[in-house]
Amino acid sequence: MSDAGADLAFLGARRLAALVRERKVSPVELTQLYLARIDRHDTRLRSYITVLPDAALETARRAEAAVMRGAALGPLHGVPYAVKDQFDTAGVRTTSGSRLMAEHVPAEDATTIARLTAAGGILLGKLNLTEFALGGTQQFPFGQPRNPWNLEHDPGGSSSGSGIAVAAALCGASLGEDTGGSVRSPASFCGVVGLRPTWSRVSRHGSFPLSWSMDTPGPLGRTVEDAAWLLQVIAGYDPKDSLSSREPVGDYTRTLTGGVRGIRVGIVRELTFAPETDVEVRDAVVEAARTLERLGAVTEEISLRLVPLAGAIFMALADSDGAGVHYRWLRTRAAEYDQGTRRRLLTASLIPAAIQQRAARARALVRAEMREALARHDLFLCPSAHQAAPPIAASRGVITSRHEVAGRFFTRRSYVTPAALAGLPAIAVPCGFTRAGLPIGLQLIGRLFDEATVLRAAYAYERESGWWTRRPPGMD
Amino acid sequence: MSDLTSEQVGALAAALGLPVTPDDLIEVTHRLNALIEALAPLAELPLETVEPVPGLGDPPAS
């Protein structure tokens, strides 16, 4: 692969769309470029479950013809993208990362896929994930996804392939789904941008469910601009999702460059300065706060005393919902689940109702605490994970004590689940690297339906810091 | 709340028609006890007057 080819692949969706529009690059050329990169790198990375070379090239040829005849072009016209294999694609196998759905071929596109197609995107393929988007998969049925920055490290989940494919430039941008961090965690571990929109901002229709009150499709891109661009395409009311919001969709791309002067940012003490937060992560996040200050934001440390409980509250609620979704298969096809998935769902099936009810009430308190603080602040700032990507081996093996459970499941989730419990928009954006060369993620959380401010602040930080320009080693 | 034993968890799973292998049972017991322990601090919160709703229908931020 030439350096020029890699440079083009790493440009990101927004800039690729502009080049296509200006006839400086053809959709066929772009599609061939990404397919060649998938061939070259994905046998190791395992970000894709299904690649669609013939369909993608056919779509690219039609896109090219439209450019040449001067047709009206959608915002993603000619841009190759990929989606988590949790989203239905008409006529294309959609596995949800599970043997149980290995032969499932939907008849209809998910609403998000239909909107990306209508915007002119070229679907390259379906991306790997932890089984049923749950997390904790021990043996991935379609191959172990690996972090492009270090193949022995976890790429994050559940939208693992969505993070990897963007980080390694195996697509122009991707779509993931975030119930309790599943977009932000892989974005953070893989050093890309991942946005969880406000719950109900994006249609869930055609996405395999985990938790009805938290499931949120969201974009991953090389830059904040890419995430804004994709959100613009997928956001908005959908009659096929009875809970999708009718709140008007803002112009996220137009407001991106507004800067952060006067924006009030609360640095969340319980997450940023928690003893569990790795020192390198803490220092990078504090430095990011200083950068925002230099750009004109007003920062102060704040306390959200309930957020350390968020991980356990989330698991009591989301996993209970998941146990309901899987009620029948758990009783008839239990052996076909991955061991980690099965044990998590079995556990959730046994949570006492009184405890589940208590968690639901506590969620309301977490939400109230966050929203009250957001009356005084425009954004919260904290790490998107308590550490950089851990070794894959660290999350493998049988659990031999209940103390192991807390470390493996509750602690890390407390960084990403507060926004999920409160339904708030949140973004993960690269804010540095560890001495071992692994990306560190900054998280910004905003008010309900105020993705514009989240994106504006993330964009200002990203442009000032420049971390997004780094590429994983050996991926040219 | 005292720890649940594997026997208790196994009996509960059987009553619910859940096929739990002996290996599964050990880990599920650890997981369930860990979750119950992690949620124990919630008992200290003033939850009686809190409605357990997920926040649907909230107005957008002004």
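**What turned up**

Let me begin with chain B: of its 62 residues, 26% count as buried. Its secondary structure amounts to 2 helices and 0 strands. Please keep in mind as you read on that this is a predicted model.

**Where the chains meet**

The contact between the two chains draws on 39 residues of chain A and 34 residues of chain B. On the chain A side, the elements that supply two or more residues are α11 (310-325), α12 (327-332), α13 (339-349), α14 (353-373) and α15 (402-422). Of these, α14(A) gives the largest share, with 11 residues. By type, the chain A residues that touch chain B split into 22 nonpolar, 6 polar and 11 charged.

**A helix worth a look**

From first C-alpha to last, the 16 residues of α11(A) reach 22 Å, close to the 22 Å expected at 1.5 Å a residue. Why is α11(A) described as largely enclosed by the rest of the structure? Because 12 of its 16 residues are buried. The buried residues include A:Ala310, A:Gly311 and A:Ala312, and also A:Phe314, A:Met315 and A:Asp319. And what covers them? The cover includes α13, α14 and α15 of chain A, and chain B takes part too, through α2 (22-39).

**The sheet in chain A**

Now for the strands. Chain A has an open sheet of 11 strands with mixed pairing, in the order β1-β3-β2-β4-β6-β5-β10-β11-β9-β7-β8. At its edges are β1 (48-51) and β8 (298-302), each of which pairs on one side only. On average, neighbouring strands of the sheet are turned by 30 degrees against each other, direction ignored.

Finally, look for helix α10 (residues 279-294) of chain A. This helix lies across β7 (264-268), β8, β9 (379-383), β10 (426-433) and β11 (439-446) of chain A. Relative to β11(A), α10 of chain A runs at about 50 degrees.

Methods. Residues are numbered from 1 along each chain as its sequence is written. Chains are lettered from A and ligands numbered from 1 in the order in which they are written. This is a predicted model: local features need pLDDT of at least 70, side-chain atom pairs count only at pLDDT 80 or more; totals for chains, interfaces and linings use all residues. Two residues are in contact if their C-beta atoms, placed from the backbone, lie within 7 Å. Helices (H or I, at least four residues) and strands (E, at least two) are DSSP runs, numbered from the N terminus. Ala, Val, Leu, Ile, Met, Phe, Trp, Tyr, Cys and Pro count as nonpolar, Asp, Glu, Lys and Arg as charged, and the others, Gly among them, as polar. A residue is buried if 20 or more other C-beta atoms lie within 10 Å of its own, exposed if 12 or fewer, and partly exposed in between; C-beta atoms are placed from the backbone. The expected span of a helix is 1.5 Å times one less than its number of residues. Two strands pair if DSSP finds at least two bridges between them. Axes are lines fitted to C-alpha atoms, for helices over the stretch in contact, and angles run from 0 to 180 degrees between N-to-C directions.
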